Amino acid sequence: MQQNFNLPEIKFPACKHRRKKPKPVAFLPWLATDPYRIFFLTGLIFAILGVALWPASYLGQLSFYPATAHAHLMIQCFGGGFILGFLGTAGPRMLGAPKLSPAELLTLLALHVSGGIAHLLNAPLAGDTLFTLTFITFLSSLAVRFA
């Protein structure tokens, strides 16, 4: 026995509602909502540069012994980048507070990268000062949210 089924004609696309175009995402506010995206990347780059100081020194490309610069890059720029990224993302969420603003993100990023460049140029006093200023700025931005 053969049965005949009257199937409705299917038109494609099968979905009858209008497709909505996705709204474009503004890049800087998107990046400021999750600062780990940029700070993890800069931390990784500074880690690579910190390790690359040693082959550059052995090849005679540096005019200084890289022990101090390497240690500061690894602790302040690599570790500090991950701390800024993690706490910058998780801190406001744990506090139930507003996320970092784009201006705060750019300020922290500029201070962080400037400190790393200072260490790469063997200027530990400038690098340490910028590192301290970065974390004072970061902690004050979280304190404002906490209050």
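Phe-135 and Phe-138 lie about one helical turn apart, because three residues separate their positions in helix H5; helices here are DSSP runs of H or I of at least four residues, numbered from the N terminus. The model is a predicted one, in which local features need pLDDT of at least 70 and side-chain atom pairs count only at pLDDT 80 or more, while totals for chains, interfaces and linings use all residues. Residues are numbered from 1 along each chain as its sequence is written, and side-chain values use heavy atoms, with hydrogens and water left out.

A pair of aromatic rings is described by the distance of the centres and the angle of the planes. Rings of Phe, Tyr and Trp (the six-membered ring of Trp) are paired if their centres lie within 6.5 Å, and planes under 30 degrees apart count as stacked, over 60 as edge-to-face and the rest as tilted. Seven aromatic pairs were found in a search of the whole structure. One of them joins Phe-135 to Phe-138 in an edge-to-face arrangement, with 6.4 Å centre to centre and 80° between the planes. Phe-135 is buried at a relative accessible area of 17%, and Phe-138 is buried at 1%; buried denotes under 20% relative accessible area, exposed over 50% and partly exposed in between, for a 1.4 Å probe and protein chains only. Elsewhere, ring pairs connect Tyr-36, Phe-40, Phe-78 and Phe-82 in a cluster.

The structure also contains one cavity of 30 Å³ or more. A cavity is a set of points, on a 1 Å grid over the protein atoms alone, where a 1.4 Å probe fits but cannot get out, and its lining residues have an atom within 4 Å of a point. Two or more lining residues come from each of helix H3 (67-95), helix H4 (102-120) and helix H5 (124-146), and H4 gives the largest share, five residues. Among the lining residues are Gln-76, Leu-111, His-112 and Phe-131.

His-112 also takes part in a polar contact, its side chain lying 3.5 Å from that of Thr-42; such a contact is a pair of N or O atoms within 3.5 Å, one able to donate a hydrogen and the other to accept it, and residues adjacent in sequence count only if both atoms are side-chain atoms. Thr-42 belongs to helix H2 (residues 36-58) and is buried, with a relative accessible area of 10%.

Terms used: 1 Å grid on protein atoms, 1.4 Å probe; cavity = no way out; pocket = protein on both sides within 12 Å on 5 of 7 lines; lining within 4 Å. Points joined across faces, edges and corners; volume = space filled by probe spheres on them.
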